[in-house]
Amino acid sequence: MSKKETKLQGWNYSPAPESKSGASLKKQYDLFIGGKMVKPTSGKYFKTINPATEEVISEVAEANAADVDKAMKAARKAYTGVWSKMKASERGKYLFRIARLIQERAREFAIVESMDGGKPIRESRDVDVPLAANHFFYYAGWADKLDYAFPNRQAQPLGVAAQIIPWNFPLLMAAWKIAPALACGNTVVLKSAETTPLTAYKLAELIQDAGLPEGVVNIISGAGATGAAMVNHPEADKIAFTGSTDVGKIIQKAIAATHKKATLELGGKAANIIFEDAPIDQAVEGIVNGIYFNQGHVCCAGSRLFVEESVKDVVIAKLKHRMASLIVGDPLDKNTDIGAINSRSQLQTIENYIRIGLDEGADMFQTDCKLPSKGFWCRPTLFTDASQSHRIVQEEIFGPVLAVISFRTIDEVIAKANNTPYGLSAGVWTDKGSKIFNLTTKMRAGVVWANTYNKFDPVSPFGGYKESGFGREGGLHGLSAYVQF
Ligand code: NAP
Ligand code: MG
């Protein structure tokens, strides 16, 4: 077996890397403001690296308050001058065009997403990019049908939306934010996350090619201070934020008693619940998909596994067996299941939680797969015999770390699952429809998946209860976040 081959329970998978030549990247990206790439007033640029190799792949402009001001004013000008006056069916045509161009350039987007963020190409290719295109298609269809979405209410746009996104689904989050805003007649300023700015700038190039009137979409990059300047800018009529609960709280305080509307999509600590009558093999796939998918960098990750006592041993045995076959490594390899952790600091956060779990006395299992020598990596990790009071059960880890807790009755598992400050999502695995309905009505979670996990569709609204935020993205609900009556 050559060094590069991966030993996998008797199967040898030869490397199947996607070629980087499918993507062209500039050495440097300026800010996309008023339809043009413009130099930052700050004069500053920062580097973005490939977390799988630690190589610098490009550098991007850091927008300061003056740059944010320029972008917000460009969005206001486009809103009053062009976009809010345009026939809705014309607006829809631009959105359809953006959707088609994303499809045409899907391969390039997938490669750049995997290089900049570390997620496996299989996911960026099969999940992130097609879903991003589908969101534009879906909201393109609504643009001239707002009277049907909100009958007899004459929905009006809000104005300028300041949109701030995290690093775990960079292109998809941009699509979730931009598509409904534009469909309803708003204009936007979007800020990408510091570690994953590149697909947003690829989207800026595509938007230029789509001929969108200048200033309707402005895309900038920067750090937390850039986001704060957007939130506090007087031209912002709407703040759409996806990120941590801590920053969500800062934003909510900052806009208190202003005219600004907000949707906050924040953290999560989802319960994935397995009953003894569940299809166990499928449930194990669902557990793996729920927490090891995208390195656990998923707000709705099924990070707490509740297993009915009678099937606990068999579920854990099968899960360990399945975990041993997961391939951790090069995100551009089509065989890879778990890519690179997004940044050094996120890896440190995850490693810190693993230490906490050990100190708290939970039993840890990790696979012994080989890890590349450079880059940021974490083996799939399982903590059994965790208890409700453990920090690894209470706090969001945002990495491939699963905590297992057993239960005996339905009421017990509902109480335990709801015992968290979060309420974004949950999963339930059982043969009985009645159990599913019982749980979906009693779980305080915005999304409950039954006998599946991490399924997304532009038609389904997504969003949280409690400290997972408020407002919904996707579906008709996602439109209502961008209109007033
Ligand atoms: P984060 O630190 O809150 O950052 C999110 C975005 O906000 C980034 O663009 C960030 O810029 C920016 N930001 C930081 N401080 C800010 C401030 N004071 N004012 C305005 N913007 C600010 O979150 P993260 O750690 O990158 O992302 C992971 C979190 O996002 C997790 O908690 C996860 O659960 C949550 N998430 C939720 C959903 C959902 O739909 N509910 C989806 C995905 C992720 P920088 O990049 O420069 O820090
Ligand atoms: Mg990067």
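User: What makes up the secondary structure of the protein?
Analyst: The protein comes to 16 helices and 22 strands, where helices (H or I, at least four residues) and strands (E, at least two) are DSSP runs numbered from the N terminus. The protein is as compact as a globular protein of its length, because its radius of gyration of 22 Å is close to the 23 Å that the globule rule gives for 485 residues; the radius is taken over C-alpha atoms, and the rule is 2.2 Å times the number of residues to the power 0.38. This is a predicted model, in which local features need pLDDT of at least 70 and side-chain atom pairs count only at pLDDT 80 or more, while totals for chains, interfaces and linings use all residues. Residues are numbered from 1 along each chain as its sequence is written, chains are lettered from A and ligands numbered from 1 in the order in which they are written, and side-chain values use heavy atoms, with hydrogens and water left out.

User: Which atoms coordinate the magnesium ion (ligand 2)?
Analyst: Thr-48 (OG1), Ile-49 (O), Asp-116 (O), Asp-116 (OD) and Thr-195 (O) coordinate the ion at 2.3 to 2.7 Å; donors are N, O and S atoms within 2.8 Å of the metal (3.2 Å for Na, K and Ca), and water is not among the atoms, so sites may look incomplete.

User: Why is Thr-48 called buried?
Analyst: Buried means under 20% relative accessible area, exposed over 50%, and partly exposed in between (1.4 Å probe, protein chains only); Thr-48 has 1%, so it is buried.

User: Is Ile-49 buried, exposed or partly exposed, and why?
Analyst: Ile-49 has 29% relative accessibility and therefore counts as partly exposed.
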